[in-house]
Amino acid sequence: MKHFLPTAICLALITSVIAAETNTSSELVLSIDLKAPMKPFAPTYAGLMTEEINHSYDGGLYGELIRNRAFRDNETKAEAWSLSVPSNAVACMVLTNIFPFTDKLPSSLQVQILKVESNAPVSVANEGYWGIPIRPDTSYKVSFWAFGNYAWGSPKFNDKYEGTNPPLPIFRSPLTVSLQSADRLKVYASAETPALTPEWQKIELTLKTGHDVVPSKENQLVISAAVPGVFNINLVSLFPPTYKDRPNGTRPDLMEKLAGLHPKFLRFPGGNYVQGDNLWEHFDWKQMRGPLEFRPGHVSCWHYHSTDGFGLLEFMGWCEDLGMEPVLAVFAGYSLRQQHVAPGPLLEPYVQDALDEIEYLTGDSKASYWGALRAKDGHPEPFKLKYIEIGNEDYFDLSHSYEGRFAQFHDAIKAKYPDIQLIATARVKNRKADVVDDHFYRNPESFVKDFHHYDQMDRNGPKIFVGEWATIGLSSMSKQKKTDETPSSSQALGDAAWMCAMERNADLIIMQCYAPLLVNVNPGASQWRPNLIGYDALSSFVSPAWHAQALFNSHRGDALVVSELKGESSDPEKQLCYSVTKDTAKGLLYLKLVNVQAAPRELKINLGEGVSVDSHAETLTLHSENPDQLNSLEHPDAVVPVKGTISNASSSFTVTVPATSLMVMTLKLK
Ligand code: AHR
């Protein structure tokens with residue numbers, strides 16, 4: 001006799017069996033093995049990469065507030081400068097190189113005043129980089145070069161005013177320098193120069209703003225004259241207080257945001273900036289040192305003129321200020337446009353430039369020519385230099401000349417500096433690079449999917465420097481069409497997944513840094529999206545991706561702990577990414593958990609038998625309901641980490657990792 005169970009009961013039984021199996025197999029378990037040998041992090045593990053892009057230095061980190069200070073931005077037009085002529089005055093301004101200031105900065109601005117009333121001066125004004133920041137109780141250092149001229153030398157002027165009677169006097173009067181609002185209704189501070197002389201003369205003044213000044217950026221620097229005559233100006237500079245008061249230094253708010261990342265090294269001049277768009281536009285360090293009067297500047301590969309006021313020693317000062325190890329990139333005969341210099345005699349001058357550069361930075365100030373020059377430039381103490389990168393992204397070089405170029409640099413540098421570690425920017429066969437620089441720009445899902453990228457990589461080859469990485473595309477959850485200037489919350493999660501992937505390979509990866517770092521968010525100022533930190537002339541903000549990095553860098557410790565996740569679903573684009581590290585001295589265990597899924601995930605954490613931890617643990621969670629959420633100048637704290645606690649930590653416990661979040665948990669080992 002056959003026994004039939006009612007269909008509904010059968011279905012219910014089958015469903016419950018499947019459910020039971022599914023539950024068991026999908027239980028997500030992170031096993032942490034504290035008894036297995038741990039892998040130490042290199043002291044240089046996390047750092048910064050920097051290049052002149054998006055007005056990173058000029059109009060960014062470099063403290064200079066005057067745009068086109070030496071009239072090099074445009075040969076025929078005094079960009080960022082304007083002339084103001086009151087109704088009863090007659091005057092003009094022209095660019096001229098008839099009275100070169102130096103051979104490197106030959107053009108100057110000539111102001112010709114035929115007629116002016118003493119109570120209504122003629123003036124020229126500089127608008128700065130999308131404004132000039134004015135703050136209360138602040139001292140601004142002004143400097144420029146000027147001389148009082150004859151009226152001759154400008155055909156335009158002479159044609160117009162020939163035969164003027166009496167002839168235009170030679171200009172020997174003082175000028176007035178002031179900080180004013182762009183509409184000229186407010187004068188924040190003002191000072192008078194000494195009388196001009198017939199030779200170029202350096203003028204230095206301090207302008208101090210009052211206590212009641214409201215911070216603003218719609219301002220200008222104004223240089224005015226109330227007597228007729230002709231005068232020329234050049235290298236006009238305005239500096240607010242800089243980070244640690246360094247002369248020719250950096251912008252404090254940006255430096256503080258960089259310091260918040262706890263960087264251990266600086267890769268500079270990073271990226272395409274070292275290469276130049278064309279070979280002749282490469283980073284030529286010899287033109288980027290010494291007095292500003294002799295730095296010609298150059299057109300950088302992102303198509304705007306770089307003053308190079310932020311030059312080689314300024315990069316080293318930046319390293320000193322933030323306690324970072326310099327990772328110096330040298331030009332290796334290859335440009336962004338894929339032009340190359342053939343290895344052999346044609347490459348030799350560039351190899352020599354690199355040797356000179358190393359000697360300039362590390363040479364004894366008494367025994368070496370270049371070391372003595374460094375001392376003269378203001379830094380008698382030699383720097384320590386351990387890493388040199390040969391070129392940038394030479395894997396794009398279709399001519400395959402990098403093998404030869406790298407070998408030539410390698411042999412010359414190692415012969416003189418055997419302890420320097422050389423970083424190759426492509427895999428090379430005929431020499432052993434100490435380190436290879438890999439770059440990754442990907443969308444969030446692809447970073448998650450590639451979580452195991454370095455897990456199986458050969459441990460006997462060169463060490464890895466992930467010298468540029470960033471989530472650049474949008475997440476599949478995004479409702480946007482294009483990326484913004486700074487990363488969104490879902491892009492920060494892509495970064496977090498990738499940071500887990502890198503941390504888990506700390507025995508192989510000795511350095512890693514995000515790129516690009518900085519962006520001036522004014523329309524037209526940027527060339528790349530997204531970038532970690534945004535700013536205008538007055539304010540700055542950090543992106544959700546900055547917070548992700550800061551969380552990783554302040555919760556790392558000194559060693560990577562072996563861990564393994566079991567029970568993960570089969571979709572690699574949605575897997576939970578994780579990394580476990582330890583601060584041995586403090587007895588802290590850091591868990592980083594990245595959940596890119598739209599639902600929370602239960603995770604069982606097994607610390608193994610005999611391991612005991614405080615039941616209370618701190619969590620910091622970075623999350624936004626909106627995958628496209630940004631931070632901005634107007635809303636700098638839209639996405640920030642939120643503190644929490646759990647109270648059930650033990651040798652085996654369960655946590656909920658919230659949807660679309662990075663969670664960092666700190667366990668205290670007992
Ligand atoms: O960081 C932006 C650019 O991306 C870098 O200059 C270059 O190295 C990379 O291709």
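The lining of the second largest pocket comprises 12 nonpolar, 10 polar and five charged residues; Ala, Val, Leu, Ile, Met, Phe, Trp, Tyr, Cys and Pro count as nonpolar, Asp, Glu, Lys and Arg as charged, and the others, Gly among them, as polar. The model is predicted, with local features requiring pLDDT of at least 70 and side-chain atom pairs pLDDT 80 or more, whereas totals for chains, interfaces and linings use all residues. Residues are numbered from 1 along each chain as its sequence is written, and side-chain values use heavy atoms, with hydrogens and water left out.

**Second largest pocket**

- The volume of the second largest pocket is about 370 Å³, a volume being the space filled by probe spheres set on grid points joined across faces, edges and corners.
- A pocket is an open set of points, on a 1 Å grid over the protein atoms alone, where a 1.4 Å probe fits, with protein on both sides within 12 Å along at least five of seven lines; lining residues have an atom within 4 Å of a point.
- S475, M477, L493, V596 and T660 are the closest to the centre among the 27 lining residues of the second largest pocket.
- Two or more residues of this lining come from each of α10 (444-449), α11 (489-503) and β31 (617-623), and α11 gives the most, with five.
- Helices (H or I, at least four residues) and strands (E, at least two) are DSSP runs, numbered from the N terminus.

**Largest pocket**

- The largest pocket holds about 900 Å³ of space.
- It is lined by 35 residues, of which F239, R246, P247, N248 and L292 are the closest to its centre.
- β8 (139-149), β11 (201-208), β13 (229-239) and α6 (312-322) each contribute at least two lining residues to the largest pocket; β8 gives the most, with six.
- The lining of the largest pocket divides into 14 nonpolar, nine polar and 12 charged residues.

**Ligand site**

- Around the ligand (a heavy atom within 4 Å) are E51, G271, N272, W302, N392, E393, Y441, E468, P516 and W528.
- This shell has four nonpolar, three polar and three charged residues.
- Oxygen atoms of the ligand lie 2.7 Å from a side-chain N or O atom of E468, 3.0 Å from a polar side-chain atom of N392 and 2.9 Å from a backbone N or O atom of N272.
- Of the 290 Å² of accessible area that the ligand has on its own, the protein covers 94% (Shrake-Rupley method, 1.4 Å probe).

Conventions:
Polar contact = N/O pair within 3.5 Å; in protein donor to acceptor, adjacent residues only side chain to side chain.
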